Amino acid sequence: MQEDLWFTMGKIPARLPAGILYAKNHMWARPETGLNGNGLFRHGFTHYAILLMKDVYFLEWNISEGDPVSQSQEIGHIETSKAESGLYCPAAGTLVRFNAALLNDPSAINTDGYGAGWLFDLDAPETGYMNAEQYLKFLSDNWEKTQAMLKGKMNQIEDDES
Amino acid sequence: MSKGKLTVVISQAPGKNPAKRALEENLAASLLMEPGIELSIIPHLYDLGPDHTGRLFLESIPGDMVVLAWLFPRAAFWLLDRDGIRGTEGQSPLHPKAEKDDEDEPPPEKAPGIGPVGEIPDRTIWCLDLRDHAGHQIYLEEIRRIGAEAALLREGRQAAKQATKPPAVITLGLPTQKKPAPEFTPETLLAPPSRRWYPVIDYSRCTNCMECLDFCLFGVYGVDGLDRILVENQDSCKKGCPACSRVCPEQAIIFPDYKSAAIAGAPVGNIGGLKIDLSKLFGGEDPMVVAAQERDRELVRDGRDAVGLAVGIPKRQTDKPKGPRDELDSLVDALDSLDI
């Protein structure tokens, strides 16, 4: 078993399990075995994404199981205690199924993000996903920019309030 | 409407979804047996043009009403407002107006929108979303609860009227001739309208900033005599295009039938006011870019030139003063302590 990698966000480490794949939109992807689909991946939020969002309150999909999807297509929406965001498909393909358990109670995303908190299964012939080392480098390379962006958003929020 | 009765209107889902029809029919059947309720059924509220009997019927209702539609309550309420069917927005526990999700952080008072134009009649309109629950019983119970609330409101109004009753001599004047209400048969009420597509402004959020007017190049928006923004030409709007809604800084523009909840009039709650938008980080395009793309698609379809981001895109966040500010510093500190 390969060891997990860790990315330190400020003081908090985000766990990046080795042996699974990662998309630039901070979702992990694990090839689904035993389901005949060569390009079938289970997807979920990386620990990094979850640490940014904090507690998930509400998750909603605006496409149906079986729908074809394009890369970056908006497929849903999430609201958490600290953030809200559209959800976007990390690769083109077919959205095979959503994790139905999350629609009633999305808290598994926070408690078991790499397991029971999975989001959807996507059949994607070509993904361009990264491995854990590459994702770690991607996070490090972009950390400064991300912080600036988050702070920018915070400024905007402050402006809205004043 | 007979005195003391509560008008309940079911606005049917467009299309022939059997599950939706079943809910409508079950609810209608139980409401017909219900005392104190005057029930009517109309087609999808959003699709009713100005001449549709269903709309004329809504306009003829003088008192309190409950409107059950396959729309977010905020969308239904402001849709009715735009059609001149006005009142105070009734609150329902089926969908609380603002979610209190951060009790330790009370949301700051938002700058209020400009509000609806003109006088608001003294009556209440409750809008319920039929997508919230699959069974009709919960709606029936809520309508009973509203019936009781409406009766109390009615009593209050009558008491107020009694208190301010003008001297009898004035009432001796000629009674104003009331136009007789037109006949509304179930057939004319339910004449199937064609699908429509246009924005609805939530004036409780709109600040009259005019960004939508600058952005839309199809002449949908205009201003009234008081220089207040309004949707002037509903039918100039491009079917399926929600671009102006993305540009609106206050989430005040609703496309009630759009697929994503934020644009279709979902409760705004704290979203946008207090929370960080991570869409860009999670792979979403800048909403301005998406809006410009959607607009270009429609321009090209009309045989016009695409304009991209060159026209009517608000320049927010550019050359913002970056001077040292105490609050800013503390906010950055707050971000650092966000545990990220």
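1. By "buried" I mean a residue with 20 or more other C-beta atoms within 10 Å of its own. On that count, 32% of the 340 residues in chain B are buried. In chain A the share is 37% of 162 residues. Keep in mind throughout that this is a predicted model.

2. A quick inventory of the two chains. Chain B has eleven helices and ten strands, while chain A comes to four helices and eleven strands. Looking at contacts with a sequence separation of 6 or more, 76% of those in chain B link residues 24 or more positions apart. For chain A, 56% of the contacts between residues at least 6 apart join residues at least 24 apart.

3. On confidence, chain A averages a pLDDT of 87, and 89% of its residues score at least 70. I'd flag residues 158–162 of chain A, where pLDDT stays under 50. The model has four contacts beyond four places in sequence for that stretch.

4. Now the sheet in chain B. Five strands make an open sheet in the order 2-1-3-5-4, with parallel pairing. Strand 2 and strand 4 (88–89) of chain B are at the edges with a single partner strand each, so one side of each has no neighbour in the sheet. Further in, strand 1 of chain B pairs with strand 3 (residues 65–69) of chain B in the parallel sense, over four bridges. Across that pairing, B:Val8 stands opposite B:Val66 in strand 3 of chain B.

5. Helix 3 (residues 73–82) of chain B lies across strand 3, strand 4 and strand 5 (124–129) of chain B, at about 140 degrees to strand 5 of chain B. Helix 4 (residues 137–163) of chain B lies across strand 1, strand 2, strand 3 and strand 5 of chain B, and its angle to strand 5 of chain B is about 170 degrees.

6. Which residues of the largest nonpolar core touch the most other members? They are B:Val66, B:Val67, B:Ala69, B:Ala76 and B:Cys212, out of 61 residues. Helix 3 of chain B gives this core its largest share, six residues. Domain 1 (6–189) and domain 2 (208–249 + 276–336) of chain B each supply at least three residues to this core. Leaving out residues up to four places away in sequence, B:Val67 touches B:Val9, B:Ser11, B:Ala76, B:Leu80, B:Ile125 and B:Cys127. Apart from this core lies another, of 43 residues, including A:Phe45, A:Leu87, A:Tyr88 and A:Tyr129.

7. Helix 2 (residues 53–60) of chain B has these buried residues: B:Thr53, B:Gly54, B:Arg55, B:Phe57 and B:Leu58. Their cover includes strand 1 (6–11), strand 2 (37–42) and helix 6 (186–189) of chain B. Why does B:Thr53 count as buried? B:Thr53 has 20 other C-beta atoms within 10 Å, and the cut-off is 20 or more, so B:Thr53 qualifies. Beyond four places in sequence, B:Thr53 is in contact with B:Phe184, B:Thr188, B:Leu189 and B:Ala191. B:Thr53 and B:Leu190 are 137 residues apart in sequence, yet 8.0 Å apart in space, C-alpha to C-alpha.

8. Over in chain A, have a look at strand 5 (residues 40–45): six of its six residues are buried. Strand 5 of chain A pairs antiparallel with strand 4 (residues 27–31) of chain A over five bridges. Strand 5 of chain A also pairs antiparallel with strand 11 (residues 120–123) of chain A, over four bridges. A:Phe41 takes part in both pairings: A:Pro31 stands opposite A:Phe41, and the bridge partner of A:Phe41 in strand 11 of chain A is A:Leu122.

9. Last, a sheet with strands from both chains. Four strands form an open sheet in the order 6(A)-8(A)-9(A)-10(B), with mixed pairing. Strand 6 (56–61) of chain A and strand 10 (276–277) of chain B stand at the edges; each has a single partner strand, so one side of each is left without a neighbour in the sheet. Strand 8 (residues 74–80) and strand 9 (residues 83–88) of chain A run antiparallel, joined by five bridges. There, A:His77 stands opposite A:Gly86 in strand 9 of chain A.

Notes: Residues are numbered from 1 along each chain as its sequence is written. Chains are lettered from A and ligands numbered from 1 in the order in which they are written. This is a predicted model: local features need pLDDT of at least 70, side-chain atom pairs count only at pLDDT 80 or more; totals for chains, interfaces and linings use all residues. A residue is buried if 20 or more other C-beta atoms lie within 10 Å of its own, exposed if 12 or fewer, and partly exposed in between; C-beta atoms are placed from the backbone. Helices (H or I, at least four residues) and strands (E, at least two) are DSSP runs, numbered from the N terminus. Two residues are in contact if their C-beta atoms, placed from the backbone, lie within 7 Å. Two strands pair if DSSP finds at least two bridges between them. Axes are lines fitted to C-alpha atoms, for helices over the stretch in contact, and angles run from 0 to 180 degrees between N-to-C directions. pLDDT is the predictor's confidence in each residue, from 0 to 100. A nonpolar core is a set of buried Ala, Val, Leu, Ile, Met, Phe, Trp, Tyr and Cys residues joined through C-beta atoms within 7 Å. Domain bounds come from an automatic or database domain assignment.
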